[in-house]
Amino acid sequence: MPTLVSHPDEVKVISRRFGMGATDIDKYVELDGYKAVQNAIAEGPEWIINVMKASGMRGRGGAGFPTGLKWSFVPKQSEKPKYVLVNGDESEPGTCKDHVIFLHDPHAVIEGTMIAGLAIGSKLGFIYLRGEYRYLLKIMEKAVADAYAKGFLGKNIFGTGVDFDIITQSGAGAYEVGEESALMESLEGKRGVPRIKPPFPAVVGLYGGPTVINNAETIAAVPHILLMGGEAFAKLGSERNGGTRLFGISGHVERPGVYELPMGYSLRKAIYDVAGGVKGGKKLKAVVPGGSSCPVLTADEIDVGLDFDQMGKAGTMLGSGGIVVLDETVSIVEFALRTISFYQHESCGWCIPCREGTDWIKKTLTRVHAGGGSKKDVDNVQYLAENMLGRTFCPLGDAAAMPTLGFVKKFRKEFEDYIDGKKAGTPIITVDQLVGAH
Amino acid sequence: MSTIANTIFSPEMAARFDKLVTIYPVRRSALVPMLLYAQDDLGYVSDAAVAEIALRIEILELDVRNVLSYYSMLRTKPAGKYNVQVCTNISCMLRGGYEILDHCKHKLGIGHKEVTPDGVFSLEEVECIGACCWAPAMQINYDFHDDLTPEKVDVLFQMYKDGQGKDVK
Amino acid sequence: MPDVTFTVDGNKLTAPAGTLLIEACKSAGIEIPAFCYYPGLSLQAACRMCVVRIEKMPKLQTACTTPVAEGMVVQTETPEIAQARKATLQLLLGNHPLDCPVCDAGGECELQDMTFKYGAADSFYAEPKNHREEQKWSPVVYFDRPRCILCYRCVRMCGEGMDVFALGIQNRGSSSVIAPNVPAQMSPDDLAHVDCEQCGMCIDACPVGALTSGTYRYKTRPWEMNHVATVCTHCGDGCKTTLGVRSTSDGAEIVRGDNRDKSGINGDFLCNKGRYAFDFANSPDRITQPLVRNSSGVLLPVSWEQALEHVGKKLRELRDTRGGKSIGVVGGNRLTNEEAYLLQKFARTVLQTNNIDHHRTADYVSFAQALAGTTGKAASQRDIEKSPAIFIIGGDPTNQNPLTAWNLRSNVRLNKARIYIANTEEIKLRRNAKAFLHVAPFGYSALADLMSGDDSTLESLVQPGTNKQVALDFRAALRAEEEVVVLIGSELRGGDLKKVIEFGTKLPGRKFALLSDYVNSRGAADMGLLPDMLPGYTPITAGSNLATEYNIATEPGLDMLEIFDAAGKGELSALYVVGANPVARFGVDPAALRNTFVVVQEMFLTETAALADVILPAANLYEKSGSVTNSYGDLQQVNKAGDRAGVRTDFEMIVRIADKMGANMRALVPFGKGLHADMGQTRGAQSGEADRHAVWLTANNLEPRLSPFDPMAILDEINRLVPGYSLLRLQLLSGNDQHLSPAAPSDLVQITNRRDLVLPANDGLFTSGTLGRYSAMLADLQQNAASRTAAAEQTAAD
């Protein structure tokens, strides 16, 4: 069971009820649960969207799109039913924040889904969890059943005449399904391959109906935002980056864990204060700041605020808030290889640059790591990554190319050391994996 | 009573599937979870399961196979009773994920996607399972085990062998 | 959609809003490369080859998914774009086997062409390529996985285009693979197979050599063939097929059929018969020498001169001694219009008999009579692709008229056309239909009543136990349609057929077509291979230009069955069969022909040929020139592709027999007209050479018609005398189809109570009348289909 951690610098909004038994619906109600949704019913869609706009909430899945704005894109009138989708296909390496939300506060997800539904005029929401999260799906299923039993879900919720239903759904193992349109495909019983955009989900989404799809953390934050007010939430964070978010700090730190910190909080402090510094007093080598797709920061690049804009300026991304800390002993070549291996395994295969590009980078790095590299291999890897960047069907190609470019550009010498025979790794990728998982 | 005559699934699962196809706006939405639940029931997605699921969802068997082969948790060959899935992705790797994997290989005497001769365990190296802050981690079937050490793995294996492991489904 | 103006590579272009950029560019002559994009199929944006730079967009955009918009500024060939395409090609080539020297697609490969253009020749990789063995998915479809670039054209062609869905995409990432619907472990031979209609459309759609044809693979190189566009001989749809031909020691062998150039009435479509079943022409069983039965009853080879002399002499003798009325003539459904016309003219004016018929596969006489006096009421095959509504009565286009079925599906998919089907069988097309009326067995007569507004027979129309309101609703929905093509199967004949059409002609916006079975079934009827009708459905009993010019008896002759009845009674002195097998088709007792002099022009020793006194080895449709008319009345040109030493065209044989009989050749074939020149046509009028001269000559109004063997001379006469066949010669010669609607002259007395002699062939996907059995490939496909069915039944039993 994931251990709960705590630090004085934390500002607990989303994690307010963690560890307080809020999986129990009565406990959740006692802790101000299902108040926000009743306010929302009373105040109406425009009010909800205005609060969300004022909150400065930006999508916690990684892209950081303003949530209120996203909701406002859904057409008011629609021939087809509208849907709310909660993306709990948390799969970005280094990320386990939604894991703790489902574990500790499932009703917040339900309540957030209902509010999103009210905002856009939808009567049906789906909560999609990755297949590996079966025990969390059980928790969610029970929470939904309890909410139905209380009359919080279904017909005439809270006696207000409003109807809202929620279906929980399991994935079956595919990182790509975390991409919003791929998730819709998966939810429609198809291969998790993204769709052509435009049209965007807000106009043509699930079953062809207008759809809002949000990350589970975004959704879980919604009831809190409505209760505290948009401005109050915004004020917790930094400029144009409202509120707090859950940061998962993992890797070589003393106290790994999921911490809720204000947006704009210092990355250095997150590592050295909140997470207790580099494990065993070793030197910091690098940080992958927001899940494995974010370009690496070197030890002297960590004086940066953890929000979408500051991280962007620093040449990387805030991503999913999964901060992975690497100490001085880590081989960047090995780390880069493990990263690209993941994207190679998870590429859906739809478009050529991603399908073939991830495969060739992986093959080349495998050889370099095993000591069989040649001088031009580093350039080739860089060439491949540069030619994937911005050219693929969906962001997965970028997610593979960006960290690769970061590693090769910032740690080029390490790759060259492998090639020159100054360093050699033990092969970590087995031959059967090379041939392909299937 | 299942809507499908001669179902290959357990009565509980068949009843669950009967309901599953009715809850969505579109029948086919039941496909991905149904495949996973079928696997829970049978140990893998057999050809017979593909055929019955195609009937239940009212799509071609080819469509079922197209989807089935896409998702990495789904398998078409039996795994062990306890499928040990060791994460070696970055956060786990940094905290000894590969040592855990090697230890499992050594301990079970099998490699990636292999099954022990007694059929009790199978082993798989998997991608990130969302337990990064509690690394290194693994799942045995659906049950998470984190902050692993080789010693903890030994205890776990013994527990499962003795039939005391959890079996979340 | 209103037009928008946008700029591509500095050129101001205009196109309707919503047009895809790639198509708008194509119309303006700007080529944007693409693998996955295929017009008419769903969009993929998967290959990333069509990326272009659009102003104000942060990334390169795919031209195949971007609709043009007002003011859009686009660059299609900048260094940045070329580099993106080059990099994509380099990635593809990384695992591509580069076995171009032996690959079927070599020389016709889109990957080759693009690699050539973008120069992606350098290789970066030290790793071995992924190799997989080729797979035989069916007798006609082979899959070479390493060559596959995953453009998904085949998957879409099979699913969206053919409504078969036999191909899927399995696994993911770099393990992704195109997979057929019978996986190896489900197959008795442990190999993956495709259980489908075997159309081979996936092969045509494949931009590389990943899918190859069982009949063509590893046989030759594209540049070693001549490519001749002609019309498929099998069903009545009239698809153009491009035959790849190469020389052999005894002629020219056809090695490939396809329609990759998307020309002709069939667009991109071709079914398995058009694609593979040309192989009968190369059969070793073909008769290549004239055979004459000797006194002891044995067929012996003789010279052409001897055979023709014998036939001419004998026919003349029998005509003069026992009268023309003692001679019967049976023509075929795969003759050209010119041959069919010449045959009936020869019968009527030289043999002096109206005893002429053919195997009728649809009641075109009633069809023409019902449309008499109307204009613009006959539908073209082209109407099927664009009419907003189509009503199909009877028939099963999927199996019997595959192009019609393709056009119907395309029309539904691309134009949201509405299809209404009334059929006694639950035909596959109902899956694409808006409404399906399941007609009770033998219920077509009642259906005709219903359509004409007579509800008294409703009881026998609908399936037992069905609410009759269904039928009334069906009719109401149809009547509400403003524009409908009524597509009629051969089940409707005579009075029923007329009832449906005559009522329909009173409604505005109705057009009609009657489906038949073979390439020129319609032409055979149009050209008067009938005992009671002259060409153009002119009743023989009425005075007409034709009758006057022919100076023939106005008494109808014997029909098909009467001819054989007469033979049985010993009243038939001679039977002349041209390209038909009536003995098998109509179950004729061989003894009936014991005392009849039988001459058969045939390719093979059919049941009819086996009874002949003289067999003259005939060329088939792929070995001759002329024209044919499809079920709809669309006329197209037939071009000589193959050749076999020793055989002659039916046209030539008829002319030579007439000559041997002492007929006036200039009266039979109006050739010459004072022009005497060789014009370099030393290879004879039947060769492809002559046609090329003819194009120029015709354009200059100098068409030569230099010899009695020139079908053009007969086409002249058809043009002049056959009602409805006023065709445009240049349209024909330039390879375009033209729609004709020969209607019976309305002012002439119509014969009622004609005998129903229509015998539908009921061919399926893998049969084609007598011809089918001489196609090894069709035999293979039948066996393959049977084994699939057996395997499926076995599985079901398990």
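The C-alpha centres of domain 1 and domain 2 of chain B are 29 Å apart. Domain 1 of chain B covers residues 11–68 and domain 2 covers residues 82–161, with bounds that come from an automatic or database domain assignment. The model is predicted: local features need pLDDT of at least 70, side-chain atom pairs count only at pLDDT 80 or more, and totals for chains, interfaces and linings use all residues. Residues are numbered from 1 along each chain as its sequence is written, chains are lettered from A and ligands numbered from 1 in the order in which they are written, and side-chain values use heavy atoms, with hydrogens and water left out.

**Interface of chain B and chain A**

The size of an interface is often given as the accessible area lost when the parts come together. Between chain B and chain A, the buried area (accessible area lost on being put together, 1.4 Å probe, summed over both parts) is about 4,800 Å², and carbon and sulfur atoms give 58% of that area. B:Tyr70, B:Leu94 and B:Trp134 supply 15% of the area that chain B buries against chain A, more than any other three residues.

| Item at the interface of chain B and chain A | Value |
|---|---|
| Residues from chain B in contact (heavy atoms within 4.5 Å) | 47 residues |
| Residues from chain A in contact | 72 residues |
| Salt bridges (side-chain nitrogen of Lys or Arg within 4 Å of a carboxyl oxygen of Asp or Glu) | two salt bridges |

One salt bridge joins the side chains of A:Arg338 and B:Glu127, at 2.9 Å from N to O. Helix H2 (31–42), helix H4 (61–68), helix H5 (90–94), helix H6 (97–108) and strand E3 (121–126) of chain B each supply at least two residues of the side that touches chain A. H2(B) gives the most to that side, with six residues. Helices (H or I, at least four residues) and strands (E, at least two) are DSSP runs, numbered from the N terminus.

**Helix H13 of chain C**

Helix H13 (residues 444–451) of chain C is largely enclosed by the rest of the structure, because seven of its eight residues are buried, that is, under 20% relative accessible area (1.4 Å probe, protein chains only). These buried residues are C:Tyr444, C:Ala446, C:Leu447, C:Ala448, C:Asp449, C:Leu450 and C:Met451. Their cover includes strands E18 (389–393), E19 (418–423) and E20 (435–438), together with helices H14 (469–480) and H15 (494–505) of chain C. Just after H13(C), C:Gly453 takes a positive phi of about 95 degrees.

Technical notes. Buried < 20%, exposed > 50% of the residue type's maximum accessible area, 1.4 Å probe, protein only. Buried area = accessible area lost by both parts, 1.4 Å probe.
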